Amino acid sequence: MRAVGAALRTSWLATWNGPFHVGRLTPPVALGDALLKILETIWRTLLIIFLGVVGVVVIVAVAAWAQSLRIGEPQLSELQLTIRPYDMKLCDAEFPLFIGIVNKSRRTVKRTYLALEARRPDRSTNLVSYSGQSLDNDAIIKPGEGWGNCWSVPELTGLDQTESARTLVWSVRATTAEWAE
């Protein structure tokens, strides 16, 4: 082990000193020795710059590699969500909102958080009173499989007594998901 350490130290010193190494200069100094000392200083400066550039390239390469691993993570867009409000073939009057999820990723979904929205036709205001909160769904959905459930109508704000939740335009989106390892 000591021999390897000594060989590495010798190799590093040879590289650091470079081809222009003259050692310490003592008076009287010849012009040639002074020029070699300048070349030695330039060599060491270029070596430091080179090592700095190599270091930056290595850091960027490692960061790109780590990012490529994250790109392999499933995305929310790989969850296909469907809402079928008031389809009495699927659900009953107490729970009239059918929400279906199909997992199109390559990993199992452990949990999904869903945002339910209801709007009047041709309007943008979400009437669901808990907008910003999520429906918590702990169904485990394997790759290529689906899951569906009927949900109750949430509390709605700004809905006139003459209006029905049946006339609203319903939508659902996944806000976050937890994936199995």
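Predicted model: local features only at pLDDT ≥ 70, side-chain atom pairs only at ≥ 80, totals over all residues.

**Entry: a facing pair.** I started at Tyr113, which stands opposite Thr176 in β6. Residues are numbered from 1 along each chain as its sequence is written, and side-chain values use heavy atoms, with hydrogens and water left out.

**Entry: the sheet around that pair.** I counted 10 bridges joining β3 to β6, and the two run antiparallel. Strands here are DSSP runs of E, at least two residues, and helices are runs of H or I, at least four residues, numbered from the N terminus. Two strands pair if DSSP finds at least two bridges between them. Which order do the 3 strands of this open sheet take? I read β4-β3-β6, with antiparallel pairing. β4 (135-137) and β6 (169-179) each have a single partner strand, so one side of each has no neighbour in the sheet. From one strand to the next the twist averages 25 degrees; the axes behind that are lines fitted to C-alpha atoms (for helices over the stretch in contact), with angles from 0 to 180 degrees between N-to-C directions.

**Entry: Glu117.** Next I clicked on Glu117, in strand β3 (residues 109-119). Is Glu117 buried or exposed? It is buried, because its relative accessible area is 15% and buried means under 20%, exposed over 50%, partly exposed in between (1.4 Å probe, protein chains only). The side chain of Glu117 makes polar contacts with the side chains of Arg119 (2.8 Å) and Arg173 (3.4 Å). A polar contact is a pair of N or O atoms within 3.5 Å; within protein, one must be able to donate a hydrogen and the other to accept it, and residues adjacent in sequence count only if both atoms are side-chain atoms. Leaving aside neighbours within four places in sequence, Glu117 touches Asn126, Val128, Val169, Trp170, Ser171 and Arg173, where contact means heavy atoms within 4.5 Å.

**Entry: strand β2.** I then moved to β2 (residues 97-103), which is mostly covered, with 6 of its 7 residues buried. Strand β1 (residues 79-85) pairs with β2 in the antiparallel sense over 7 bridges, and β2 is joined to strand β5 (residues 146-151) by 6 bridges, also antiparallel.

**Entry: a loop residue.** Asp160 sits in the loop between β5 and β6. I noted it as partly exposed, with a relative accessible area of 47%. The C-alpha atoms of Asp160 and Thr82 are 27 Å apart, and 78 residues separate the two along the chain.

**Entry: zooming out.** The protein chain has 2 helices and 6 strands, in the pattern α-α-β-β-β-β-β-β. Its radius of gyration is 34 Å, well over the 16 Å that the globule rule gives for 181 residues, so the chain is more spread out than a compact globule. That radius is taken over C-alpha atoms, and the rule is 2.2 Å times the number of residues to the power 0.38. The C-alpha trace spans about 105 × 40 × 20 Å along its principal axes. Of the 181 residues, 25% count as buried.
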